[in-house]
Amino acid sequence: MSASTPDRPAAIGVDLGGSKIEVTLFAADMTVRESCRQPTPRSTYADLLAALEHEVFRFRKLAETADLPVGIGVPGLVHPDSGVSVCANLVANGHALARDLTERIGGRVVIANDCKCFTLSESRGGAGDGRARVFGLIVGTGLGGGLCQDGRLVLGLNGLPGEIGHYALPAHIVARHDLPLVACGCGRTGCMETLVSGTGMARLALALTGRTLSAAEIATAPDDIDTARVLVTWTELMAELLHTIQLHIDPDCIVLGGGLSNIAGLETRLVDALKKSALPSVRLPEIVKPAFGDSSGVRGAALLALQNDGTDAQ
Ligand SMILES: [Zn+2]
């Protein structure tokens with residue numbers, strides 16, 4: 001098979017979540033050749049390494065390429081130099097997973113935060129394709145993001161760009177609605193994530209209405225008087241978040257991801273809200289849904305492996 005054949009197997013993407021692992025074999029043109037899911041081993045780090053080793057070997061055998069590069073996305077902060085990840089919900093927490101897996105299986109293994117993988121995917125062949133500055137904003141169980149400049153991730157000194165869940169809540173909105181300031185998993189208090197993520201939205205609902213409502217219930221019942229009130233305040237908080245992102249980064253395009261990005265009409269709702277909070281006369285970023293949805297994370301992980309491999313797909 002020629003090395004230039006676009007449908008040749010080119011990279012393996014791994015989306016390592018708290019409850020499941022998704023492994024996908026991509027061709028050079030980023031079409032999916034094979035994919036599988038399995039529960040994430042939660043007992044020991046050795047079990048996790050063994051599970052990843054098994055799947056990578058299986059896919060490399062399928063691809064008839066013993067050193068096919070591997071990219072892994074994880075739900076946590078990854079240090080850009082050491083590769084050590086801080087993933088509270090994984091047994092990989094505190095380990096250099098890519099290095100340890102490389103020692104077992106050989107070839108190239110790279111790792112990045114899953115929100116950053118999503119952003120890379122959407123900036124290359126996705127909803128932000130062709131835009132110079134693409135910000136991926138993921139509102140799911142947590143609140144995170146990533147930044148791509150000219151199709152490459154910006155990692156900074158510590159891998160922090162995009163960690164917008166830990167921006168401080170806006171004081172004027174907190175005061176207006178008497179919102180709770182609660183401890184965040186990062187060790188600080190009053191982070192955006194505590195009221196804007198999926199779990200945060202439920203906390204916001206309890207504070208505003210006294211009712212126990214899940215984010216899914218709120219998102220699917222916008223006409224209920226209580227859920228409508230929650231959505232209005234949540235949108236205010238999101239607008240402040242977008243405003244801060246614009247002040248810091250000024251992206252051309254913001255691609256929404258995560259479960260809450262499925263709220264009907266969310267892009268329009270956010271554009272209208274941002275118009276009110278943005279500085280006068282500034283151009284607004286385009287706010288769009290992802291092209292690859294839930295599969296963007298694993299696709300971005302594979303793209304990262306190809307970039308770091310020097311192959312640079314697409
Ligand atoms: Zn925080």
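Trainee: Is Cys184 buried or exposed in this structure?
Mentor: Keep in mind that this is a predicted model, where local features need pLDDT of at least 70 and side-chain atom pairs count only at pLDDT 80 or more, while totals for chains, interfaces and linings use all residues. Residues are numbered from 1 along each chain as its sequence is written, and side-chain values use heavy atoms, with hydrogens and water left out. By relative accessible area, buried means under 20%, exposed over 50%, and partly exposed in between (1.4 Å probe, protein chains only). Cys184 comes out at 9% relative accessibility, so the word for Cys184 is buried.

Trainee: Which residues are the protein donors of the zinc ion?
Mentor: Donors are N, O and S atoms within 2.8 Å of the metal (3.2 Å for Na, K and Ca); water is not among the atoms, so sites may look incomplete. Here the donor atoms lie 2.0 to 2.4 Å from the zinc ion, and along the chain they follow the spacing H-x17-C-x1-C-x4-C. The names are His166 (ND1), Cys184 (SG), Cys186 (SG) and Cys191 (SG).

Trainee: How many residues apart in sequence are the parts that His166 and Cys184 tie together?
Mentor: Helices (H or I, at least four residues) and strands (E, at least two) are DSSP runs, numbered from the N terminus. His166 sits in the loop between β10 and α4, and Cys184 in the loop between α4 and α5, so the pair links parts whose separation in sequence is 18 residues.

Trainee: What is the geometry of the zinc ion's site?
Mentor: Four donors count as tetrahedral if all angles lie between 85 and 135 degrees. For comparison, the ideal angle for four tetrahedral donors is 109.5 degrees. The four donor atoms of the zinc ion make angles of 105 to 121 degrees, and the site is tetrahedral.

Trainee: Which backbone oxygen does the side chain of Gln307 reach?
Mentor: Gln307 is in helix α10, and at 7% relative accessibility it counts as buried. A polar contact is a pair of N or O atoms within 3.5 Å; within protein, one must be able to donate a hydrogen and the other to accept it, and residues adjacent in sequence count only if both atoms are side-chain atoms. At 2.9 Å, the side chain of Gln307 reaches the backbone oxygen of Gly151.

Trainee: Where is Asp150 found?
Mentor: Most residues other than glycine have a negative phi. Asp150 is not a glycine, yet its phi is positive, about 50 degrees. Asp150 is exposed at 57% relative accessibility, and its place is the loop between β9 and β10.

Key:
Four donors count as tetrahedral if all angles lie between 85 and 135 degrees; four count as square planar and six as octahedral if opposite donors are over 155 degrees apart and all others between 65 and 115; anything else is irregular.
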